[in-house]
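Subject: Structure for you to look at

Hello,

Here is the structure I promised. Please open it and keep it beside you while you read my notes.

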Amino acid sequence: HQLTLSMKQLEFSDEEIDSVLKVTAACLHLGNVKFQENSSSGSDISNPEVLDIAADLLGVPTATLKQNLLFRKIDIRGQAGTDVPLNPILASDNRDALSKKIYDNLFN
């Protein structure tokens, strides 16, 4: 409550306050997404309900967020991009980098 009062004093609109809180909550939920190894040396998300919440807060389709967490796209000249599966450690690093970038963009 104190935070929203302070934001109102700084002349944040209700929409801006809602956006800041949603993005912050999404980053926190993203940090709770867990990965497990799958049979194709990539990763699966072991708690998809957390991913659903983060995607909803960010206003993006869950499938899009999942794809961007589990794969890295490599562009080869003259060819369509190739998706490379990430193991659980790399997927976790990718999740953390995405969360950090989203949070950073919130204030810059």
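**Helix H1 against helix H2**

Helix H1 (residues 2–9) packs on H2 at an angle of about 135°, and their axes are 10 Å apart. Axes here are lines fitted to C-alpha atoms, for helices over the stretch in contact, and angles run from 0 to 180 degrees between N-to-C directions. Helices (H or I, at least four residues) and strands (E, at least two) are DSSP runs, numbered from the N terminus.

This is a predicted model, where local features need pLDDT of at least 70, side-chain atom pairs count only at pLDDT 80 or more, and totals for chains, interfaces and linings use all residues. Residues are numbered from 1 along each chain as its sequence is written, and side-chain values use heavy atoms, with hydrogens and water left out.

Back to the pair. H1 and H2 are oblique to each other. The cut-offs: angles under 35 degrees count as roughly parallel, over 145 as roughly antiparallel, 65 to 115 as roughly perpendicular and the rest as oblique. The H1 and H2 crossing is right-handed. A crossing is left-handed if the near helix is turned anticlockwise from the far one by less than a right angle, and right-handed if clockwise.

Which residues meet? From H1 come Leu3, Thr4, Met7 and Lys8, and from H2 come Asp14, Ile17, Val20 and Leu21. Contact means heavy atoms within 4.5 Å. By class, this contact of H1 with H2 has 5 nonpolar, 1 polar and 2 charged residues. Ala, Val, Leu, Ile, Met, Phe, Trp, Tyr, Cys and Pro count as nonpolar, Asp, Glu, Lys and Arg as charged, and the others, Gly among them, as polar.

Glu11 lies in the loop between H1 and H2. Its phi is near 65°, a positive value in a residue other than glycine. Glu11 counts as exposed, at 70% relative accessibility. Buried means under 20% relative accessible area, exposed over 50%, partly exposed in between (1.4 Å probe, protein chains only).

Next, follow H2 (residues 14–30) to helix H3 (residues 48–58). Their axes come within 8 Å and cross at roughly 160°. H2 and H3 are therefore roughly antiparallel to each other. Their crossing is left-handed. On H2, the contact uses Lys22, Ala25, Ala26, His29 and Leu30; on H3, it uses Val50, Ile53, Ala54, Leu57 and Leu58. The residues of this contact of H2 with H3 divide into 8 nonpolar, 1 polar and 1 charged.

Pick out Ala54 in helix H3. Is Ala54 buried or exposed? Ala54 is buried, with a relative accessible area of 0%. Ala54 and His29 are 25 residues apart in sequence, and their C-alpha atoms are 5.6 Å apart in space. Not counting residues up to four places away in sequence, Ala54 touches Ala26, His29, Leu30 and Leu65.

H2 also meets helix H5 (residues 88–107). The axes of H2 and H5 come within 9 Å and cross at roughly 165°. H2 and H5 are therefore roughly antiparallel to each other. This crossing of H2 and H5 is left-handed. Val20, Val23, Thr24, Cys27 and Leu30 of H2 meet Arg95, Leu98, Ser99, Ile102, Tyr103 and Leu106 of H5. The contact of H2 with H5 divides into 8 nonpolar, 2 polar and 1 charged.

Ser41 lies in the loop between strand E1 (35–37) and E2. Ser41 has a positive phi of about 60°, although it is not a glycine. At 52% relative accessibility, Ser41 counts as exposed.

Ser43 is in strand E2 (residues 43–45). Ser43 counts as buried, at 4% relative accessibility. What does its side chain reach? The side chain of Ser43 reaches the backbone oxygen of Leu86 at 2.6 Å. Leaving out residues up to four places away in sequence, Ser43 touches Phe35, Gln36, Asn38, Leu70, Leu86, Asn87, Pro88 and Ala91.

Ile45 is also found in strand E2. Ile45 is buried, with a relative accessible area of 11%. Setting aside neighbours within four places in sequence, Ile45 is in contact with Val33, Lys34, Phe35, Leu51, Lys66, Leu69 and Leu70. The C-alpha atoms of Ile45 and Pro88 are separated by 8.9 Å, and these residues are 43 apart along the chain.

Best wishes

Key: A polar contact is a pair of N or O atoms within 3.5 Å; within protein, one must be able to donate a hydrogen and the other to accept it, and residues adjacent in sequence count only if both atoms are side-chain atoms.
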